[in-house]
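Colleague: I'm new to this one, could you put it up and talk me through it?
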Amino acid sequence: MIIFLIGFMGSGKSTTGKKLAGRLGYAFLDTDRQIAREFGMNINEIFDRLGESRFRESEARLLKEIILRRNVVVSTGGGLPCHGDNMDIINRNGVSIYLKLSPSDLYQRLSGGKRKRPLIRDLSDSELLRYIERKLSEREFYYLQSRFTVDGRNPNLDELVGLLRD
Ligand code: S3P
């Protein structure tokens with residue numbers, strides 16, 4: 001089985017994904033880390049030097065490689081499900097779980113973690129909140145196509161494992 005964790009920046013996909021993979025005895029893969037490793041650059045450098053569209057192409061290419069694997073939990077970058085036909089590919093090949101958080105919870109989590117994220121690093125705090133509200137309302141069209149939606153504030157591993165057994 002391939003499990004895709006879906007959600008906005010700061011929703012805890014990597015933290016939860018690592019725990020879930022440990023619990024299931026699955027491998028764990030973080031799409032941002034994988035792309036950064038391939039380019040030998042961090043995500044900010046990739047956006048700055050190559051541009052967002054090259055990053056989105058890499059996400060799509062990586063997704064096509066990931067679906068050839070088995071028994072892996074994948075933490076997807078916040079924009080990955082929202083480009084091209086990525087969300088359809090995810091749902092045809094794996095089980096998607098959306099870690100849902102409100103704009104104000106995301107704001108609390110992201111206001112101290114802007115630096116590493118090119119889309120928000122230059123925003124003031126008030127701009128950040130407005131950005132989250134606007135972007136999340138666009139992106140939920142995709143996120144809500146996930147097979148399961150769970151409360152991202154404190155995801156319960158037993159609940160997640162239970163969902164996967166059904
Ligand atoms: C992005 C989210 C980031 C990373 C890139 C773009 C987005 O991943 O892929 O900065 O478009 O929301 P995280 O969701 O892991 O922060």
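Colleague: How far is an oxygen atom of the ligand from the side chain of Arg139?
Modeller: An N or O atom in the Arg139 side chain is 2.6 Å from a ligand oxygen, where a polar contact is a pair of N or O atoms within 3.5 Å. This is a predicted model, in which local features need pLDDT of at least 70 and side-chain atom pairs count only at pLDDT 80 or more, while totals for chains, interfaces and linings use all residues. Residues are numbered from 1 along each chain as its sequence is written, and side-chain values use heavy atoms, with hydrogens and water left out.
Colleague: And what about Asp32 and Arg117?
Modeller: A polar side-chain atom of Asp32 lies 2.6 Å from an oxygen atom of the ligand, and for Arg117 the distance from a side-chain N or O atom to a ligand oxygen is 2.9 Å.
Colleague: What kinds of residues make up the shell around the ligand?
Modeller: Five are nonpolar (Ala, Val, Leu, Ile, Met, Phe, Trp, Tyr, Cys and Pro), six are charged (Asp, Glu, Lys and Arg) and three are polar, the last class being the others, Gly among them.
Colleague: Switching topic, how many salt bridges are there?
Modeller: The whole structure has 11 salt bridges, each a side-chain nitrogen of Lys or Arg within 4 Å of a carboxyl oxygen of Asp or Glu. One of them joins Asp158 and Arg23, at 3.0 Å from N to O.
Colleague: Where in the chain do those two sit?
Modeller: Asp158 is in helix H8 (residues 157-165) and Arg23 in helix H1 (residues 13-24), 135 residues apart, with helices being DSSP runs (H or I) of at least four residues, numbered from the N terminus.

Methods:
A polar contact is a pair of N or O atoms within 3.5 Å; within protein, one must be able to donate a hydrogen and the other to accept it, and residues adjacent in sequence count only if both atoms are side-chain atoms.
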